[in-house]
Amino acid sequence: MKTISFRNDILPLKNVLYRLALRITLSHEDAEDVVQDTLMKVWSKRNEWPQIENIEAYALTTARNIALDKTKRAEANLTTHITTPQAALLEPAVHTEERIIEQDRLQLVRNLIDQLPEKQRSCMQLRDVEEKSYREIAQILNISEEQVKVNIFRARQTIKQKFKEADEYGL
């Protein structure tokens, strides 16, 4: 039986927890609150850690549930979007036309992802960003592997279709 360490096994998950919470809440502040609440909840269950088969899946499931609760209580404002990472703000202000078009397209994809149903957003985040297996995602979201695949397929199809429509329309 593996001994679980908060410092070595749980704290390193905070970035993954944050990204998942951000995908669900669409708010940096709410995502930070979700991570704090998740870490506190996981810590409060430390006596049960030896019985937990996969502490990462447990923490991600806890974060997802807290984020969903927070979103439901706040009736999330879907117009809130993920902003550009800080590193991009430090780049030189010289923009070519191609770079501006690329940034517009990237923002469009972010907006399209933000508009997806929560399960599709979560599945895409866990698969495409966090590189989790279908089995891990199914365990985290408490759905079947087939449902994970269907959610990812539908999300990608929706984004592809809406992106194509926007691109043909001319952003």
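At what angle do helix H2 and helix H3 pack, and how far apart are their axes? The close-ups below come from a predicted model, and the opening view takes up that question.

**View A. Helix H2 packing on helix H3.** H2 (residues 14-25) and H3 (residues 28-44) meet at an angle of about 130°, and their axes sit 8 Å apart. The two helices are therefore oblique to each other, since an angle over 145 would be needed to call them roughly antiparallel. Their crossing is right-handed.

**View B. Who touches whom between H2 and H3.** On the H2 side, look for Lys-14, Leu-17, Tyr-18, Ala-21, Leu-22 and Thr-25. H3 answers with His-28, Asp-30, Ala-31, Glu-32, Val-34, Val-35, Thr-38 and Leu-39. Sorted by class, this contact has eight nonpolar, three polar and three charged residues.

**View C. The buried face of helix H8.** In H8 (residues 134-141), the buried residues are Ile-137, Ala-138, Ile-140 and Leu-141. Looking down the H8 axis, these buried residues fall within an arc of 165°, so they line one face of the helix. Just past the end of H8 comes Asn-142, with a positive phi of about 60°.

**View D. Helix H8 against helix H9.** The axes of H8 and H9 (residues 145-169) come within 8 Å of each other and cross at roughly 100°, which means H8 is roughly perpendicular to H9. H8 makes the contact through Tyr-134, Arg-135, Ile-137 and Ala-138, while H9 brings in Glu-145, Val-148, Lys-149 and Ile-152. The tally here is five nonpolar and three charged residues, with no polar ones.

Notes. Residues numbered from 1 in each chain as written. Predicted model: local features only at pLDDT ≥ 70, side-chain atom pairs only at ≥ 80, totals over all residues. Heavy atoms only, no water. Axes fitted to C-alpha atoms, helices over the stretch in contact; angles between N-to-C directions. Helix = DSSP H or I, 4+ residues; strand = E, 2+ residues; numbered from the N terminus. Parallel < 35°, antiparallel > 145°, perpendicular 65-115°, else oblique. Left-handed = near helix turned anticlockwise from the far one by under 90°. Contact = heavy atoms within 4.5 Å. Nonpolar A, V, L, I, M, F, W, Y, C, P; charged D, E, K, R; others polar. Buried < 20%, exposed > 50% of the residue type's maximum accessible area, 1.4 Å probe, protein only. Arc of directions from axis to C-beta.
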